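Please look over the sequence and the model shown here before reading on.

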Amino acid sequence: MNKTLYFLISIFVLIFVSYSFAIQKTPAEGEQFPDISIKPPENKDDIDYLGIKEKKSFKLGQIKADIVIVEIFSMYCPYCQKEAPAVNELFNKIQEINNYKNHIKILGIGAGNTQFEVNLFKSQYDIKFPLVIDDDFKIHKAIGEVRTPYFFVVKINSDGSTKILYSKVGSIQEPSDFLNMIVNKAGL
Amino acid sequence: MKNRASFIIYFLIILLFLSFTVLGALAASEQFKGKIFNPGVLKPILTKTHLKKGMKAPDFSLPSISGEKVSLSQFRGKKNVVISFVPAAWTPVCSDQWPGYNIAKSLFEKNNAILLGITVDNIPTLYAWTKEMGDLWFPVLSDFYPHGAVAKKYGILRTDGVSERALFVIDKKGIIRYIDVHDINSRPNLEMLIKELEKLEK
């Protein structure tokens, strides 16, 4: 009796513990962005923009920038669809200012989306910054299964380590205010 | 001693279930925040449809949220038809599937196809739910009364009263060309569907 009981208890504990490990908590401001590998974008311009190697997975800290704005989205999410023009405007504002364009970059990560789905989103909203796939939800799990759209602003240090400056669900609201907020926080 | 042991087991089982419900969330959109009921992980498929590729698609006529009735036969000779049955309004996977189709309009049009979205919910529920998605370009039909009659005709009415998450591709002649009765817990990927549409005569 005792043996079966202990056996059962240990099985439940094991399952429970492994599940609680599977869901990570969402990294907050001041913390590092998870050191997880990201699948590269398909097109050459996007690869050059990020300054990474072609056809090779990369880590966020390898992106050639001081600040990376990470948008977690899904092609299927209506709120992300509505947010797309605002993020495009943010991108255009960054590109307009020489001092910013090489320092602040944007990366969209499509939670649970395939390449086909991400491509549709990109062409539908004429998005000029790279969108990558997270078809197996690996990244989505590592950041605590956030609702979409979710935005991180991440500082990339010269040694490739990262520090989150902003971590929040929902719209970026007014793109120019958002950009000012980033510039202030990053001390650019 | 025995009582205490069963209490511990009981407690652990509850913990386990709690952890499962937490896992049920699937990249939920911020739009529906707090409005989506989470049914947890369901049995993937409960029915086996009698319909097969090459068979004539059963005709039906259902009320849509815009007011008019829509029947399958009205597209005969004019358009290819995709029927997307989703289990229920206000649930996690379904609330994402149609907004995705909503931005894929051009892909349907390119293949001379119309999309019909069907659930067993009533019109007011469907109206409120689809309003959250923005304007949908395709008709949304209610298979509410007699309950799930069309889902039953297509062999996909589950024993729990909702339909399976199923896709039927029907060509201009009214012949079924593709069936995907999907795991109710996950979203069929769009690419497969579009590939099937591309095979059809426009």
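Predicted model: local features only at pLDDT ≥ 70, side-chain atom pairs only at ≥ 80, totals over all residues.

Residues are numbered from 1 along each chain as its sequence is written, chains are lettered from A and ligands numbered from 1 in the order in which they are written, and side-chain values use heavy atoms, without hydrogens and water.

Strand β6 (residues 165-170) of chain B is largely enclosed by the rest of the structure, because 6 of its 6 residues are buried (under 20% relative accessible area, 1.4 Å probe, protein chains only). Strands here are DSSP E runs of at least two residues, and helices are H or I runs of at least four, numbered from the N terminus. In a regular strand the side chains alternate between the two faces of the sheet. Arg165(B), Leu167(B) and Val169(B) point one way from β6(B), and Ala166(B), Phe168(B) and Ile170(B) the other way.

β6(B) runs antiparallel to β3 (residues 80-85) of chain B, joined by 5 bridges (pairing needs at least two DSSP bridges). Here Val81(B) stands opposite Ile170(B). With β7 (residues 176-182) of chain B, β6(B) pairs in the antiparallel sense over 6 bridges, and Leu167(B) stands opposite Asp180(B). β6(B) and β7(B) form a hairpin with 5 residues between them, and Gly174(B) in the turn has a positive phi of about 90°.

Asp143(B) lies in the loop between β5 (140-142) and α5 (149-153) of chain B.

Notes. Buried < 20%, exposed > 50% of the residue type's maximum accessible area, 1.4 Å probe, protein only.
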